[in-house]
Amino acid sequence: METHCGYCAQKGGCLLLPDLACWKDYQPNGQAPISSTDKQIAPQTHPDGTVEPYSPPRRLTTDEIPQIVNDFRLAARNAIEAGFDGVEIHGAHGYLIEQFMKDSANDRTDEYGGSLENRCRFALEIVEAVVKEIGADRVGIRLSPFADYMDCWDSNPEALGFYMVKSLNKYNILYCHMVEPRMSIVEGRRQIPHRLLPMRKAFNGTFIAAGGYDREEGNKVIAEGYADLVAYGRLFLANPDLPKRFELNAPLNQYDRTTFYTSDPVVGYTDYPFLESSV
């Protein structure tokens, strides 16, 4: 679905800025946000405690999908022309691409639904288009096969993740950035850590793991060959000098989850302190 951040395919709500929910009211001419389905997700509770319903999405027709793929291609070209070194295709966390990949959200009966191969077709068509446009060495992708966001989950996340990385090898992209299963929202659901190893072994490029890592565990999985790189999100948000703190093994600022995904441009984003210059 089109939003301020491109295709924020939360079927009506934006993961980045929930208070700017992507209702049809925010869409051009009040049209429904696009998705793999026309199923409506359940109302969501925001960090401030408010409960918000979401607009029903509009199922993309088969004829429309090539235009969406082309939009991703154009976006990649625009990024390079703007001076970026490369792009990361967002195929995670309930966004549009993942809505096609996961069987909880994709109830299609055409060539983009049903089998695992069909559900991954849209994602791989986007990868192919972007690679042809800007080169494989400028392309990465983020995947979260184990995640469960906005009613978007898969009944066999291991098979989904493995199929995707094997398929990505065809395009020789620079990296695959994958989220650990413990990032699942529902308590106790598929929260067994370090289940990305089969995907890491199957992928030919650089493999990046993310999801709840601290300094010690990040160093450990790199040393063991579990990943080539480790990505940090919440710790980096709260510690703008995180590499320096890790180098010195210095104390970390604690992040405030209540400030996540709010529209305030300062609180919780640019107000965390750096280390003292004397450290």
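Helices (H or I, at least four residues) and strands (E, at least two) are DSSP runs, numbered from the N terminus. This is a predicted model, in which local features need pLDDT of at least 70, side-chain atom pairs count only at pLDDT 80 or more, and totals for chains, interfaces and linings use all residues. Residues are numbered from 1 along each chain as its sequence is written, and side-chain values use heavy atoms, with hydrogens and water left out.

Five strands build an open sheet, ordered 7-8-9-10-11, with parallel pairing. Two strands pair if DSSP finds at least two bridges between them. Strand 7 (87–91) and strand 11 (229–231) are the edge strands, each pairing on one side only. On average, neighbouring strands of this sheet are turned by 25° against each other, direction ignored. The axes behind that angle are lines fitted to C-alpha atoms, for helices over the stretch in contact, and angles run from 0 to 180 degrees between N-to-C directions. Strands of a sheet pair through backbone hydrogen bonds, either parallel or antiparallel.

| Strand pair | Sense | Bridges |
|---|---|---|
| Strand 7 and strand 8 (residues 139–143) | parallel | five |
| Strand 9 (residues 175–179) and strand 10 | parallel | five |
| Strand 10 (residues 206–210) and strand 11 | parallel | three |

E88 has G140 in strand 8 as its bridge partner. Buried means under 20% relative accessible area, exposed over 50%, and partly exposed in between (1.4 Å probe, protein chains only).

Now strand 10. H177 stands opposite I208 in strand 10. On the strand 11 side, A209 stands opposite V230, and A210 stands opposite A231. Four of the five residues of strand 10 are buried, leaving the strand mostly covered. From strand 10 the chain crosses through helix 6 (residues 215–223) to strand 11, a right-handed β-α-β crossover. Right-handed means that, with the strands pointing away from the viewer, the path from the first strand over the helix to the second runs clockwise.

**The cavity**

How many cavities of 30 Å³ or more does a search of the whole structure find? It finds one. The largest cavity has a volume of about 40 Å³. A cavity here is a set of points, on a 1 Å grid over the protein atoms alone, where a 1.4 Å probe fits but cannot get out; lining residues have an atom within 4 Å of a point.

The lining consists of G91, E98, M101, L143, S144, P145, L160, G161 and M164. Helix 2 (96–101) and helix 4 (157–168) are the elements that give two or more residues to it. Helix 4 supplies the largest share, three residues. By type, the lining divides into five nonpolar, three polar and one charged.

L235 sits in helix 7 (residues 234–238). L235 counts as buried because its relative accessibility is 15%. Its C-alpha atom is separated by 7.9 Å from that of L252, 17 residues apart along the chain.

E247 lies in helix 8 (residues 242–248). Is E247 buried or exposed? E247 counts as exposed, because its relative accessibility is 67%. The C-alpha atoms of E247 and R215 are separated by 9.3 Å, with the two residues 32 apart along the chain.

Definitions and conventions. On a 1 Å grid over the protein atoms alone, a cavity is a set of points where a 1.4 Å probe fits but cannot get out, and a pocket is an open set with protein on both sides within 12 Å along at least five of seven lines; lining residues have an atom within 4 Å of a point. Grid points are joined across faces, edges and corners, and a volume is the space filled by probe spheres set on the points. Ala, Val, Leu, Ile, Met, Phe, Trp, Tyr, Cys and Pro count as nonpolar, Asp, Glu, Lys and Arg as charged, and the others, Gly among them, as polar.
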